[in-house]
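Subject: Structure handover

Hello,

Please find the structure below, followed by notes on what was found in it.

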Amino acid sequence: MQYNVIIIGSGPGGYVAAIRCAQLGMKTAIIEKYNTLGGTCLNVGCIPSKALLDSSEHFHNAAHTFKEHGIDISEPKVNIKQMIMRKAGVVKANVEGIAFLMKKNKIEVHTGVGSFVDKNTIKVTSADGKEAILTAEKIIIATGSKPTALPFAPFDKKRIISSTEALELQEIPKHLIIIGGGVIGMELGSVYARIGSKVSVVEYLDSLVPTMDSTMGKELQKATKKMGIEFYLGHKVTAVENKGREVVLKAEPKAGGAAIELKGDYCLVCVGRRPYTDGLGLDKVGIELDKGKVAVDDHLKTKVDNIYAIGDVVRGAMLAHKAEEEGVMVAEQIAGQKPHINYLLIPGVVYTWPEVASVGYTEEQLKEQGRAYKTGSFPYKALGRARASMDLDGLVKVLADKTTDEILGIHIIGARAADMIAAGVVAMEYRASAEDVSRMSHAHPTYMEAVKEACLAATANRPIHL
């Protein structure tokens, strides 16, 4: 079976690369290890976690805010099995949608583990041991990533679990201990805190979501404390033990002091993800790993001229939309075009409530660069729209060049931040100044008015409504 392009992996990077290759007239094949397409994102990541986040938010509102809105109902109860079942339905619809897109674009799907025979040949081994040989002019590695386990606490998938198992629990944990206060830990912690679990977050660093601007971490901690999540920041986990019906975690403060011991019925480990290259046979073609990731150049080409790699297996943030952009870029390069990605302007989002979203430089990065900047912020509590919806937690923070006023970073925590950040990406792609945005008309009442006001604050310290 001969193709112009073979893609190994059908996550957002892989399937988008396949579609773009097919659109550009290439005969394309995609190889997927599992029986469903979509990779981590659609099956055990982005999509199912958002389904549970939405379900838990509905319950939280029914239990805590409906009464104030004038909606009287009997006390709501969580049906965790139905919640998980609805999530599974959402996943099923999405992966079926990807299968439809493969057929629509005449992309041939091969199920099994793909491994290199040589630089133009891939062997696909199916679950029943059958083998198929595929050849292509170009090959794209898009095999994604897997959760990272702690060396002293491997996943047992019963009490010491990864995000994959956390999306399938058939009971509400009485006490969920989470190691890691990053994006995944905070999202899943929010899900279970809202439906009744006691949640404890142990984080090695001194801030939540440490890859984002530190203001976002501080504000997220304030907001999630209100739902009862407790935090142990600056703590190093020293032991995790499954005792049968409970998990015991021990940790000690980095700054010194008394060690802590937490007992819960589940321990969710969210300390990052590792690129998944197992079984690829990279050694057969001489491709090397750089700190566990496939080494690529600025065009996402490996040291082997016809082999590319994209998404979580290469450098950069492990984000579905970053992988998608890379998939398109490689497909268009293969077709002879000259696409470009500005990695600074790939936004990051945490889908807690309030949501957190960022694009561009953080204040810490600008300080490290020694760059002269100014800042403006505006709180949600001063927004008419936020008062109407009772979403008062959060703020918008804008960073701009001190001399030129060009926007260097936008950081939002608050209702609908995940959608609002797109306006920040557009502004920064066109190198807008804070004054440019502040002089654009923003509909009233909307959450986006907070962006306008923060830009006014950054431009001349003159927000209207503060």
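Which element gives the most to the lining of the second largest pocket? Helix α3 does, with 8 residues. Helices here are DSSP runs (H or I, at least four residues) and strands are DSSP runs as well (E, at least two), both numbered from the N terminus.

Before the rest, the conditions. This is a predicted model, in which local features need pLDDT of at least 70 and side-chain atom pairs count only at pLDDT 80 or more, while totals for chains, interfaces and linings use all residues. Residues are numbered from 1 along each chain as its sequence is written, and side-chain values use heavy atoms, with hydrogens and water left out.

Pocket. On a 1 Å grid over the protein atoms alone, a pocket is an open set of points with protein on both sides within 12 Å along at least five of seven lines, a cavity is a set where a 1.4 Å probe fits but cannot get out, and lining residues have an atom within 4 Å of a point. The second largest pocket has a volume of about 900 Å³ (the space filled by probe spheres set on the points, with grid points joined across faces, edges and corners). Its lining consists of 29 residues, and Glu57, His60, Asn61, Trp353 and Asp391 lie nearest the centre. Two or more lining residues come from each of α3 and α10 (384-389).

Helix packing. α3 (residues 46-64) also packs with α6 (residues 183-194), at an angle of about 35° and with the axes 9 Å apart. Axes are lines fitted to C-alpha atoms, for helices over the stretch in contact, and angles run from 0 to 180 degrees between N-to-C directions. On the α3 side the contact (heavy atoms within 4.5 Å) includes Glu57 and His60, and on the α6 side Glu187, Ser190, Val191 and Arg194.

Cavity. There is 1 cavity of 30 Å³ or more, and the largest cavity holds about 40 Å³ of space. Pro147, Ser163, Ile184, Val269, Cys270, Gly272 and Arg273 line the largest cavity.

Salt bridges. With a side-chain nitrogen of Lys or Arg required within 4 Å of a carboxyl oxygen of Asp or Glu, the count comes to 21 salt bridges. One of them joins Glu168 and Lys87, whose closest N and O atoms are 2.7 Å apart. Glu168 is in the loop between α5 (163-166) and β9 (175-179) and Lys87 is in helix α4 (residues 80-104), so this pair ties together parts 81 residues apart in sequence.

Regards
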